[in-house]
Amino acid sequence: MGVAYAEPAASKAQAPLIDPFQRAITYLRISVTDRCDLRCVYCMSDDMTFLPKRDLLTLEELDRLCGVFIDRGVRKLRITGGEPLVRRDIMHLFRRLSRHLGTGALEELTMTTNGTQLGRFASELAELGIKRVNVSLDTLDPDKFRAVTRRGDLKVVLDGIEKARKAGIKVKINAVALKGVNEDEIADMIAWAHGDGMDMTLIEVMPLGEVDGDRTDQFLPLSVARARLEQRYTMIPLPDRTGGPARYVRIAETGGRLGFITPLTHNFCESCNRVRLTCTGKLYMCLGQEDAADLREALRASPDDALVTQAVIDAIARKPKGHDFVIERARPAAVPRHMSVTGG
């Protein structure tokens, strides 16, 4: 059982979280569930075994942990999963976290979603101050979409995107580049996204968790994808840096922005400003490393935040310089946990 939740008292500004390489940690990604209503072929097996619900932090505990990070200088929270909107009563957490937007302690509260539930919650998310979301969408072909997700309905996702946009939420499309699947429609997807005022980011397949099949059969280097796109589009490099992994260009023909996330062909770790919290209270200092700190024990040991705050400080002191992703046939996944456990 967790300790009783109490509203934290207003606290004075405390020392920011600085890792051993002098990077300020200002961005926390929170996986609120490992469950998802899709089974994307590059992300998880069709017969996934999910965590028992009793192992998950309560929404109140997640809120309390976020408060600890905000007190230490985190200015951006991203809610992820699995699929975050399938967690029961998840809007309670959004409502609690949105208070930090009102005080100015938090600059942005956002979310990554597969879009299947977005239509249900878009209006309320907008009312709570969520100004943008990332939607994971790899194809605009309904048959391919069902094959990649093993069960999804593209129309539902597109409807969710439209409702979010009508509610005033800015949508960015995240697409995993998949060899032999969507590589021939990436250029058209860019035209579609930019035509509706949405940025788009391309992502290389990451070797996280064991899946059915071999990821080397899925892997399309973005250097190859970019070279093909340059036959159709003029790409103007942008200086945009968010502390995240993407490198950006402006597409002259569309006016839209395109990002490239290349964990395998170009390491993106030098400016990393983020850490990842799982739904069970594990803090991963790096997506591509297994070292993690168990914050749940410290959180539940006392209603006071001193223990868990120290646990966070100690964890950040172990943040590595970068990941060691490699994707090769005959090698197991670089990291055994699935993406849905860490939240991307």
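Guide: Let's start with one term: a contact means heavy atoms within 4.5 Å. Also keep in mind that this is a predicted model.

Visitor: Which residues touch the most other members of the largest nonpolar core?

Guide: That core has 92 residues, and Leu28, Leu77, Phe94, Leu258, Leu283 and Leu295 touch the most other members. Helix 1 (residues 59–71) gives the most to this core, with 7 residues. Let's zoom in on phenylalanine 94: beyond its sequence neighbours up to four places away, it touches Ile79, Leu85, Leu109, Met111, Leu125, Leu128 and Ile130.

Visitor: Phe94 is in helix 2, I think. Which residues of helix 2 (residues 90–103) are buried?

Guide: Ile90, Met91, Leu93, Phe94, Leu97, Ser98 and His100 are. To read a buried face, look for what lies over it; here the cover includes helix 1, strand 2 (76–80), strand 3 (108–113) and helix 3 (118–127). After helix 2 comes glycine 104, with a positive phi near 85 degrees.

Visitor: Now for the sheet. How do strand 1 and strand 2 run, and how many bridges join them?

Guide: They run parallel, joined by 5 bridges. Strand 1, helix 1 and strand 2 together make a right-handed β-α-β unit. Strand 1 also runs parallel to strand 10 (residues 274–277), with 4 bridges, and isoleucine 30 stands opposite leucine 277 there.

Visitor: Which way do the residues of strand 1 point?

Guide: Tyr27, Arg29 and Ser31 point one way, Leu28 and Ile30 the other, and all are buried. Strand 6 (residues 199–203) can be read likewise: Asp199, Thr201 and Ile203 point one way, Met200 and Leu202 the other, and all are buried.

Visitor: Which strands pair with strand 6?

Guide: Strand 5 (residues 170–176) pairs with strand 6 in the parallel sense over 5 bridges, and alanine 175 has leucine 202 as its bridge partner. The chain gets from strand 5 to strand 6 through helix 6 (residues 186–195), a right-handed β-α-β crossover. Strand 9 (residues 257–261) also pairs with strand 6 in the parallel sense, over 4 bridges; there glycine 259 is the bridge partner of threonine 201.

Visitor: What about rings? How many aromatic pairs are there?

Guide: The count comes to 0 aromatic pairs. Charges over rings do turn up: lysine 76 lies over the face of tyrosine 27, 4.5 Å from the ring centre. The charged end of arginine 257 sits over the ring of tyrosine 248, at 4.0 Å from its centre.

Visitor: Last topic, the backbone. Which peptide bond is cis?

Guide: Look at omega: the bond from glycine 81 to glycine 82 is cis, with omega near 15 degrees. Glycine 82 sits in the loop between strand 2 and helix 2. For phi, check glutamine 22, which has a positive value of about 65 degrees although it is not a glycine. Glutamine 22 is in the segment before strand 1 (27–31), and counts as exposed at 64% relative accessibility. Arginine 150 has a positive phi too, near 70 degrees. Arginine 150 lies in the loop between helix 4 (142–149) and helix 5 (154–166), and is partly exposed at 23%.

Definitions and conventions
Residues numbered from 1 in each chain as written. Predicted model: local features only at pLDDT ≥ 70, side-chain atom pairs only at ≥ 80, totals over all residues. Heavy atoms only, no water. Core = buried A, V, L, I, M, F, W, Y, C linked by side-chain atoms within 4.5 Å. Buried < 20%, exposed > 50% of the residue type's maximum accessible area, 1.4 Å probe, protein only. Helix = DSSP H or I, 4+ residues; strand = E, 2+ residues; numbered from the N terminus. Phe/Tyr/Trp six-rings, centres within 6.5 Å; stacked < 30°, edge-to-face > 60°. Lys NZ or Arg CZ within 6 Å of the ring centre and 35° of its normal. Pairing = 2+ DSSP bridges. Right-handed = clockwise from strand over helix to strand, strands pointing away.
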